[in-house]
Amino acid sequence: MTAAMLELDNIRAGYNDAIAVENISLTVGQSEVVCLLGANGAGKTTTMRVVTGLIPLLGGTIRYNGEDISQMPPHERVTAGICLSPEGRQVFPDLTVMENLSLGSFNRRARRNRAQTLDQVLTLFPKLAERSGQAAGLMSGGEQQMLAIGRALMGQPKLLALDEPSLGLSPKMVSTVFESIQTIARSGITILLVEQNTRAALSIAQRGYVLSAGRVVHEGTAADLAQSEMVQKAFVGAAFTKQSVRKSRRERRLAESNPGGAGA
Amino acid sequence: MASLIFQIVVDSLLLGGVYTLMAVGLSLAFGVTRIINFAHGDIVMYGAYAAFFAFVSLNIDPLLSLLFVAILGAIGGYLLFKLTLDRILDAPGINQVLLTFGLGLVLQNVAVILWTGDERSTTPSYAFDSWFLSDDIVVAKGRLIAFGLAVAFVVLLLAWLRWSELGRATRAVSQNRAAASLMGINVRAMYALSFGLSSSFGTATGAIMSFLLPITPFMGFPILVKAFAIIILGGLDSIVGTVIGAFLLATAETTIAYVVPQGIGWAEGVAFFLLVIVLIVRPTGILGTVGRDA
């Protein structure tokens, strides 16, 4: 692994009195694509919010390129190069597509290269060029997702954080979006990806962490995770392949025919 | 009859201009911070006093001092925000309401101590001038100036919001503050900026009111009440809605004052009658988004 760009060291965070993630440690290397996997409520989105500074860190440290950014306000993290495409897209609904993209490059560092970055983003998502004058809130979910990613790219990220880019999209749109993410990754931008669609995530990530109930329960290379029982057990839904369902039925039958026997 | 209708239209337009001035700053600050500034009327009052003293001691016309009064208002509003509201942004909404309400009381009573409760006014020549469009249609020159300035202010504000970097950021914060901070926008700084801008509109409005209304430490409250009704009519966070609300209220008040016998007394109640109707028929206001998703 190359030098760590992002390091979370035993972080703890939550909302009001409820702790949502505890003792999470992870690293993301330069130009790496790392995914966080886990079921609903596992703490993936909370982790993303802590990394981008949207919610306060209650314990542990976050280092970015070696610098402690634990207390840095969110807008300064953007200027430092951490840009998030948030869960649920969060585009500015009454603003046009072009205005949304321009806002993406509000930070001083990216503003200088706005025209150039815009060209790159519109090449990646030609659909956004077609819709440039339209109010963002009137676009389809897939188009809004492209806008959310495009808007984050406008900030010229060094670390691009993508939270559930496939949420609510048609299967065809999911593959379109993931192809774009792959293209972004190839351009050398480091990506931290949160996904419920495990298969799609592992197809583009090099490494991954599996979260459950606010803790890291497993980590490894994408290839290892794809094979892992642990990963499949950590979820319901999208991750359940037909094979694993068949297998678990067999396990259940075995367990029923052999009560008290050694479990899995 | 025709001239009566024409006079009603003229008076409605002119009053609408005055109302727009009163409400637009309140709407701007609320749109960004989601805090109703109950001290806004008192900020208008300070603008009126500033213009008054510029007029009587320095002999500067209110329309000229307006620029300086607006700048002072911007600085004052920014500092007021930094010193007070900025500290309780994470507190429950009721605390913020109480704070701005309390600030209003303090501002009002400081004015009483400094300048007594006596009524004053600036008396530039145009304050008493009128034009006769025909034998029986009158245009008050002071109000016409106020109308012109209201139009100019709103156009400038809308252009700034539409095309400037900070204006775009202001709209972004208004729509989604978390997403705005993800754009690298310092949301708290934008709050302070919008508050300063709002106060600047407030004090500029005061300078204009200095030749339209009697200046007293208590002039702020009725202005606040009207402005509050107008922005609820218009939808709280929409500048265009605020303008529509202002002209709607002005038209309703003027019409009732002319048409209904003893109507001038009734006209004062129109704001609240309209408010109740709008809240029943269209709870988000005419163009508003607040509570749209709730």
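Buried means under 20% relative accessible area, exposed over 50%, and partly exposed in between. The views below are of a predicted model.

**View 1. B:Val9 on helix α1 of chain B.** B:Val9 is part of helix α1 of chain B. Its relative accessibility is 42%, so B:Val9 counts as partly exposed. B:Val9 is also one of the residues that make a nonpolar surface patch.

**View 2. The nonpolar surface patch of chain B.** The patch covers about 880 Å². Its members are B:Met1, B:Leu4, B:Ile5, B:Val9, B:Leu13, B:Tyr258, B:Val259, B:Val260 and B:Trp266. At least two patch residues come from each of two helices of chain B, α1 (2-33) and α10 (239-259). The largest contribution, four residues, is that of α1(B).

**View 3. Helix α8 of chain B.** Helix α8 of chain B runs through residues 187-209 and has 23 residues. From its first C-alpha to its last, α8 reaches 32 Å, close to the 33 Å expected at 1.5 Å a residue. Most of α8(B) is covered, with 19 of its 23 residues buried.

**View 4. Chain A, fold and surface.** Chain A contains 12 helices and 10 strands. Among contacts in chain A with a separation of 6 or more, 68% are between residues 24 or more positions apart.

Notes: Residues are numbered from 1 along each chain as its sequence is written. Chains are lettered from A and ligands numbered from 1 in the order in which they are written. This is a predicted model: local features need pLDDT of at least 70, side-chain atom pairs count only at pLDDT 80 or more; totals for chains, interfaces and linings use all residues. Side-chain values use heavy atoms; hydrogens and water are left out. Contact means heavy atoms within 4.5 Å. Patches are made of residues with over 30% relative accessible area and no salt bridge: like charges are joined within 9 Å, nonpolar side chains (Val, Leu, Ile, Met, Phe, Trp, Tyr) within 5 Å. Accessible areas come from the Shrake-Rupley method with a 1.4 Å probe; for residues, only the protein chains shown count as cover. A salt bridge is a side-chain nitrogen of Lys or Arg within 4 Å of a carboxyl oxygen of Asp or Glu. Buried means under 20% relative accessible area, exposed over 50%, partly exposed in between (1.4 Å probe, protein chains only). The expected span of a helix is 1.5 Å times one less than its number of residues.
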